[in-house]
Amino acid sequence: MEEIGHFINGQRVAGKSGRTADVFNPATGEVTAKVALATTAELQEAVAIAEKAQVGWAKTNPQRRARVMMKFVSLLHRDMDKLASKLSAEHGKTFPDAKGDVIRGLEVAEFCIGAPHMMKGEFTEGAGPGIDMYSMRQPLGVVAGITPFNFPAMIPMWKFCVAIAAGNSFILKPSERNPSVPMMLAELMQEAGLPDGVLNVVNGDKEAVDAILDDPIIQAVGFVGSTAIAEYVYTRGTASGKRVQCFGGAKNHMLIMPDADLDQAADALVGAGFGAAGERCMAISVAVPVGQETADRLIEKLIPRVEALKVGPYTAGDDVDFGPVITPQARDRILGLVNSGVEQGAKLVVDGRDFKLQGYENGNFVGPCLFDNATKDMDIYKEEIFGPVLTVVRAENYEEALSLPMDHEYGNGTAIFTRDGDTARDFASRINIGMVGINVPIPVPLAYHTFGGWKRSGFGDLNQHGPDGFKFYTRTKTVTSRWPSGVKEGAEFSIPTMG
């Protein structure tokens, strides 16, 4: 049985707590490893090492720090298949989807090669007589990231690449469900030339999370997970005086206008709704066709597509559409919500509740489910299902359709499919949601823009990666410098002005 400890001060170390969690293969239900769960003392030891390492790393010029990122990108390409294979085995997503997970993180590392530009300050010559004024963007010190199970490569890289390129040291607390890939990423950063102690991976549960939130040395925390935990992390972290950004749950709607290409819209819905078994915070889980004719035609196109989806383990080939969900508890929760949808009156037009896969009876598989005629008072509409379930809520007109995502408590992502530019512009302007797709079902911004939701999908003032990432992991210092050309006698008692 493999035992996974922590990555501290440039090497793997065994856990000291005596507590472990089982790591499962979601497709088979088999325990494949045991991961150590850190104590508060172990976390504090990692922080002390990170604090010491950060001093020298911050003094390393930004161009040399960027070269570490450049080498890291090269190593990610070299080990892409190895990372994706391990990711699939512990998460359950298909091999092509796992490679996408790594690539989306790699793109942020590529963006961070431009850190010298992002770290530039501003300068004003001659702000006053003999006075120059300039600003410096400096790292915070030791910062941390708490990342979820559904993207064990991408989201850790969204956090630590930006933070480290900006001159910080980093404590990563990944999900204990699939800890192997974050450990492998830390080893690749080390191979790329990162000094010992700058990136540390501490595996753990709530004890490690609370230790991060309460530690006075840690200056900032980034989190991705459920809204309930995001709110907890934000509240406790800010109460400790930290800078905190937290991203939570979602209920992403896609509006389908009568003029939309319905084949294109149906394909988009199936990919965005069922990819990764729906375990994405940007998954489309609600389809909103406008008008009864649009809805009827859309359902006709969706049913055969959903019924044809191939469900299986990642080892079954690249034509598998999605795999198992992460745990038996997740599977049972999804099935419970599907049952509630039936009980509350929605029409289950594709029923995947009884899906079984020969040879994988102990896996966490859920067959694809498609609901029609759901309403906004139903649990399947109100709650984030985080499973392979797509819900159709019919709207009579555009304004009714628009009100659905606008009135929902979550505001992560949304999309509209239409051929009409005026409708698209109106939607993009009025919608109160952080990421918007126009004929794009999963509008995840590229690395040089920023990712973040609104309402109860996001807590904090700055988003992830892109320019906001560098702003989050740095602070600005402004210097006013005066070199008089002559000697001036006497003290000044009034407030300085630049007149």
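How many nonpolar, polar and charged residues are in the lining of the largest pocket? That was the question I opened the notebook with, and I kept in mind that the model is predicted.

**Entry 1: the largest pocket**

I sorted the lining by class and got 17 nonpolar, eleven polar and eight charged residues. Together, 36 residues line this pocket, and its volume comes to about 990 Å³. Looking for what sits nearest the centre, I found Pro148, Phe149, Gly225, Ser226 and Ile229. I then asked which elements give two or more residues to the lining, and noted α8 (206–214), β11 (218–224), α9 (227–239) and α12 (328–343).

**Entry 2: helix α8**

**Entry 3: α3 against α7**

Two packed helices are described by the angle between their axes and the distance between the axes, and I looked up both values for this pair. Helix α3 (residues 80–91) packs with helix α7 (residues 180–191) at an angle of about 160 degrees, and their axes are 9 Å apart. An angle over 145 degrees counts as roughly antiparallel, so that is how α3 and α7 run relative to each other. On the α3 side I wrote down Lys82, Leu83, Lys86, Leu87 and Glu90, which meet Ser180, Val181, Met184, Leu185 and Leu188 of α7. By class, this contact has six nonpolar residues, one polar and three charged.

**Entry 4: cavities**

How many cavities of 30 Å³ or more does a search of the whole structure find? I have two in my notes.

The largest cavity has a volume of about 110 Å³. Its lining takes 15 residues, with Gly278, Arg280, Ala283, Ser285 and Phe386 nearest the centre. I counted the classes here too: seven nonpolar, five polar and three charged.

The second largest cavity holds about 30 Å³ of space. I found Arg104, Glu107, Val108, Trp158, Val444, Pro445, Ala447 and His465 along its lining. Helix α4 (residues 95–112) supplies the largest share, three residues. In this lining, five residues are nonpolar, one is polar and two are charged.

Key: Residues are numbered from 1 along each chain as its sequence is written. This is a predicted model: local features need pLDDT of at least 70, side-chain atom pairs count only at pLDDT 80 or more; totals for chains, interfaces and linings use all residues. Side-chain values use heavy atoms; hydrogens and water are left out. On a 1 Å grid over the protein atoms alone, a cavity is a set of points where a 1.4 Å probe fits but cannot get out, and a pocket is an open set with protein on both sides within 12 Å along at least five of seven lines; lining residues have an atom within 4 Å of a point. Grid points are joined across faces, edges and corners, and a volume is the space filled by probe spheres set on the points. Helices (H or I, at least four residues) and strands (E, at least two) are DSSP runs, numbered from the N terminus. Ala, Val, Leu, Ile, Met, Phe, Trp, Tyr, Cys and Pro count as nonpolar, Asp, Glu, Lys and Arg as charged, and the others, Gly among them, as polar. Axes are lines fitted to C-alpha atoms, for helices over the stretch in contact, and angles run from 0 to 180 degrees between N-to-C directions. Angles under 35 degrees count as roughly parallel, over 145 as roughly antiparallel, 65 to 115 as roughly perpendicular and the rest as oblique. Contact means heavy atoms within 4.5 Å.
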